[in-house]
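Subject: Structure handover

Hello,

Please find below the structure I promised to pass on. My notes follow it.

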Amino acid sequence: PLDLNNIQGDILVGIPKKTQTYFFFAIQDTTLFRTALLALIPFIKTAAQAQADQKSIADHKLKGLTTLIPMTGTQIAFSNAGLTKLGITGVATPGVADPNSDPFLEGQFKDSKNIGDAGTGPGRDFVPAWDPAFGNANIHGVIFIGGSDHLTVDAELAKTKLILGLSVKEVIQIRGDTRPKDQSGHEHFGFLDGISNPTIIGFNDKNAPPGPKPVDRSVLLTGQPSTSNPGPAPVLVDGSFLAFRYLFQLVPEFNQFLKQNPINGDSELLGARMVGRWKSGAPIDVTPTQDNPDIGKDPQRNNNFFYSGELAKGDQTRCPYSAHTRKTNPRADFTEHGLADQLNQRRIMRRGIQFGPEVTTEEANNNRSINGRGLLFVCYQSDLTKGFQFIQKTWANNPGFLNTAVDSNLKPIQPGLDSIIGQNADQARGVVGTDPANPDGSLTIPRFIVPQGGEYFFSPSISALKNVIAH
Ligand code: N7H
C-alpha cells in the first residue's frame, strides 16, 4: 500500500490553498542547511495530513459554513544544482544515457530552447528570455507554503525562514493567489481549471467520478518497487519530479483576439475550441455549440468525455486536435488505437495557482497588459521525459501531432500547435480546426502565454529528507 505518511502532501492529494508563496533559495552553507532541514521536516505536510485538511474543509462546508479555516501546508523540493551542492547522487531520469539530455540533470534553463521558449544565442549557449532569477542552476531548491489566507501563510513563512537562518539565501519569492469570488478556481483567461487530474489505482480510483482510466502510482511516484527493481534507492522511494513554470498570460490581448475572430459570430465558441472546454468547465465534446454551466460544475459529468467514435477517427467537428485539453490528454485518440499504456505514462498531476491582479479597466479598454499575471504552473510525474517535457515539446509544440503516426488509417491532418500553450519562441502559432464548418482551415494565433522562468525539481519523501538529504 501507499505510505501516505512518507509522501509529500501536494503530489497525490494536493495542499488546500487560496494562496501559495514560493520561496526559491540557494544553499549558502551545507552543514547549517542539513541541521535546518532536520528542524523543518516535522512541518512538512504529508499526504495523510493533506487528506485530513481536505476532510476538515469538506466537513466545514457541509455544515454550511463559508468562513475559511486557517491552515497552511509546507512543501520542499530540490533542483539538481541543490542536490549536487549537498553531495546527493542517484536522482536522475531512468534510461537517459546522456546527462546533457536529462532534463532534471541539465536543468530547465538548458532545456528551455528544447521546450520552445524564446531567447537568444546558438545551441547550448542559448539564453532564454526569462526573469534573471531563473538563471542557469541559480536555484537550489524551493519551499512553498499553501494555505487559507495571507496572514496565516506569512506567519508560517516567517517561522520557516527563522529555522533556515543563514543556511540559505533567497533567490526570488513569488506569491500566487486564486482569483476572487465567482472566478475562484478559474485561471486568468476565465476557464475553470483543475478538473482533470489522474486518479491512482488502489488509492482514489474507487468512487472516482467518471473520466479517464486510473493510472499506476509509478506514473507519478519515483522509486516504486517492481519485479525488475525490487529495491529502489532510498532517495527515490516515494518521491516525484516537479516541473515549475513561471507563465505570464496576456489576458486583455487574449480577450481582444477572441472578439476579433468569432466563429459564426460567437467569440466564446472560439475560446472554447482553443481550450477544449467552455469557461464553466463544460467539455466541448459533450456540449459543442454552447456552454452549459450545470455540466461544468458537475463532477459526474465534467470529465466524462473521450473524443471517441467518429472523433477518434479524425473528425474535428466537436473538438479540434489543437484544443489544449485534446493535445495534452488525447484520450480515445490513443485508447481507441491500442495505445492506452502509452497514454497512461503521459499523465501528470497539475497543482498550479494563479498570480497577479485582475485585469483593470485601463488594461481592458486598451487591450494591453500593464500588470503581470498568469499561472505558477506545477506538475508532478515520475519521469520528466514522459510527462511535462514530452507533453510540451512533442505534443503541444509539434504541429504534426496528433497525426497518422498514431494510426495510419486516420485521415491525414496537420493540427498545428496547442492553441493555448503551444510555444514557437516568440512567434505566432498556426492552428487548424478551430472552425467546425471548415475543419481544414487554419488560424494564426499570437502568443498569449509568455514563459518567464522555471526549473525542474525533485520532491523527496519524508524518509529521503531525513535519512539521505539531511543526513
Ligand atoms: Fe493546461 N487554460 O486555461 O487554458 N489547462 N493550461 N497545461 N492542462 C487545462 O481539465 C491552461 C499547461 C494540461 O486531462 C484546462 O482541469 C493555461 C501546461 C493537462 O483533459 C485549462 C496554462 C501543461 C490538462 C487549462 C496551462 C498543461 C490541462 C482544463 C498556462 C503541460 C488536462 C481544466 C498559463 C505541459 C487535460 C481541466 C485533460 C487542462 C489552461 C498550462 C497541461 C482551462 C492557461 C504548461 C494535461
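How many residues of domain 1 are in contact with domain 2, and how many of domain 2 with domain 1? The contact involves 19 residues of domain 1 and 30 residues of domain 2, where contact means heavy atoms within 4.5 Å.

Some ground rules come next. This is a predicted model, in which local features need pLDDT of at least 70 and side-chain atom pairs count only at pLDDT 80 or more, while totals for chains, interfaces and linings use all residues. Residues are numbered from 1 along each chain as its sequence is written, and side-chain values use heavy atoms, with hydrogens and water left out.

The two domains

Domain 1 covers 9–246 + 454–469 and domain 2 covers 250–344 + 396–449; such bounds come from an automatic or database domain assignment. Their centres, taken over C-alpha atoms, are 28 Å apart. Between them the domains bury about 1900 Å², and 64% of that is on carbon and sulfur atoms. Buried area is the accessible area (1.4 Å probe) that two parts lose on being put together, summed over both. On the domain 1 side, F189, F191 and P210 lose the most area to domain 2, together 38% of what that side buries.

The side of domain 1 that touches domain 2 has 12 nonpolar, 6 polar and 1 charged residues. Here Ala, Val, Leu, Ile, Met, Phe, Trp, Tyr, Cys and Pro count as nonpolar, Asp, Glu, Lys and Arg as charged, and the others, Gly among them, as polar.

The iron and helix α11

Which protein residue is the donor to the iron atom of the ligand? The single donor from the protein is H324, through NE2, 2.0 Å away. Donors are N, O and S atoms within 2.8 Å of the metal (3.2 Å for Na, K and Ca); water is not among the atoms, so sites may look incomplete. H324 is in helix α11 (residues 324–328), and T328 is in helix α11 too. Helices (H or I, at least four residues) and strands (E, at least two) are DSSP runs, numbered from the N terminus. A polar atom of the T328 side chain lies 2.8 Å from the backbone oxygen of H324. Beyond its neighbours within four places in sequence, T328 is in contact with I391, W395, D418 and I421.

Backbone notes

Most residues other than glycine have a negative phi, and most peptide bonds are trans. N207, not a glycine, has a positive phi of about 65°. The peptide bond from F401 to L402 is cis, with omega near 5°.

Regards

Methods: Polar contact = N/O pair within 3.5 Å; in protein donor to acceptor, adjacent residues only side chain to side chain.
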